[in-house]
Amino acid sequence: MEDLKINDSIIIPAEQLVVSAVRSSGPGGQNVNKVSTCIELRFNPKECLQLPELAREKLVAANRNKLDANGALIITSQRFREQFKNIDDACEKLRNLIITAL
């Protein structure tokens, strides 16, 4: 996993992003039952000092339904059949949420 560039002045270190592969749900035939292509990306905005405090607060407030018990934001992607594409998609979703909060 690489650092996530939000804009020219904000880069989220890879250490703050936790990626795990899980089995996809929904249609997809036998492949869904055998291959873990769905990606869960976890990011705790409260611990990210690279973001301004107001942006962290907005990010948490706007996405309360996507937070786990520890306050980590959970982004999922199962759009593609390849893990690496779903990782990129989940990172793009997180980037867009952060840009909106900024």
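## Crossing of helix 2 and helix 3

In this predicted model, helix 2, formed by residues 53-62, and helix 3, formed by residues 83-101, have axes that come within 8 Å of each other and cross at roughly 120 degrees. Angles of 65 to 115 degrees would count as roughly perpendicular and those over 145 as roughly antiparallel; helix 2 and helix 3 are therefore oblique to each other. The crossing in which helix 2 passes helix 3 is right-handed.

On the side of helix 2, the contact is made by Ala55, Lys58 and Leu59, and on the side of helix 3 by Leu97, Ile98 and Ala101. Five of the residues in this contact are nonpolar, one is charged, and none is polar.

## Overall arrangement

The protein chain contains three helices and five strands. Read from the N terminus, its elements follow the order β-β-β-α-β-α-β-α.

The chain has 102 residues, and buried residues make up 36% of them. Among the contacts in the protein chain with a separation of 6 or more, 54% are between residues 24 or more positions apart.

An open sheet is formed by three strands in the order 3-4-5, with antiparallel pairing. Strand 3 (17-22) and strand 5 (73-77) stand at the edges; each has a single partner strand, so one side of each is left without a neighbour in the sheet. On average, and with direction ignored, neighbouring strands of this sheet are turned by 20 degrees against each other.

The pairing of strand 3 with strand 4 is antiparallel and extends over six bridges. Within it, Ser20 has Glu40 of strand 4 as its bridge partner. Strand 4, residues 38-43, is joined to strand 5 by five bridges, and these two strands also run antiparallel. Here Ile39 has Ser77 of strand 5 as its bridge partner, while Arg42 stands opposite Ile74 in strand 5.

## Helix 3 and the faces of the sheet

Helix 3, which takes part in the contact with helix 2, also packs on the sheet, where it touches strand 3, strand 4 and strand 5. The direction of helix 3 makes about 135 degrees with that of strand 5.

In a regular strand, side chains alternate between the two faces of the sheet. Strand 5 has a covered face, consisting of Leu73, Ile75 and Ser77, and an uncovered face, consisting of Ile74 and Thr76. Strand 4 is mostly covered, with five of its six residues buried.

Leu41 is found in strand 4. Its relative accessible area is 1%; since a residue counts as buried under 20%, Leu41 is buried.

When neighbours within four places in sequence are left aside, Leu41 is in contact with Leu17, Val18, Val19, Leu73, Ile74, Ile75, Ala90, Cys91 and Leu94. Among these residues, Leu73 and Ile75 belong to the covered face of strand 5, whereas Ile74 belongs to the uncovered one. The C-alpha atom of Leu41 is separated by 6.2 Å from that of Thr76, although the two residues are 35 residues apart along the chain.

How values were computed. Residues are numbered from 1 along each chain as its sequence is written. This is a predicted model: local features need pLDDT of at least 70, side-chain atom pairs count only at pLDDT 80 or more; totals for chains, interfaces and linings use all residues. Side-chain values use heavy atoms; hydrogens and water are left out. Axes are lines fitted to C-alpha atoms, for helices over the stretch in contact, and angles run from 0 to 180 degrees between N-to-C directions. Helices (H or I, at least four residues) and strands (E, at least two) are DSSP runs, numbered from the N terminus. Angles under 35 degrees count as roughly parallel, over 145 as roughly antiparallel, 65 to 115 as roughly perpendicular and the rest as oblique. A crossing is left-handed if the near helix is turned anticlockwise from the far one by less than a right angle, and right-handed if clockwise. Contact means heavy atoms within 4.5 Å. Ala, Val, Leu, Ile, Met, Phe, Trp, Tyr, Cys and Pro count as nonpolar, Asp, Glu, Lys and Arg as charged, and the others, Gly among them, as polar. Two strands pair if DSSP finds at least two bridges between them. Buried means under 20% relative accessible area, exposed over 50%, partly exposed in between (1.4 Å probe, protein chains only).
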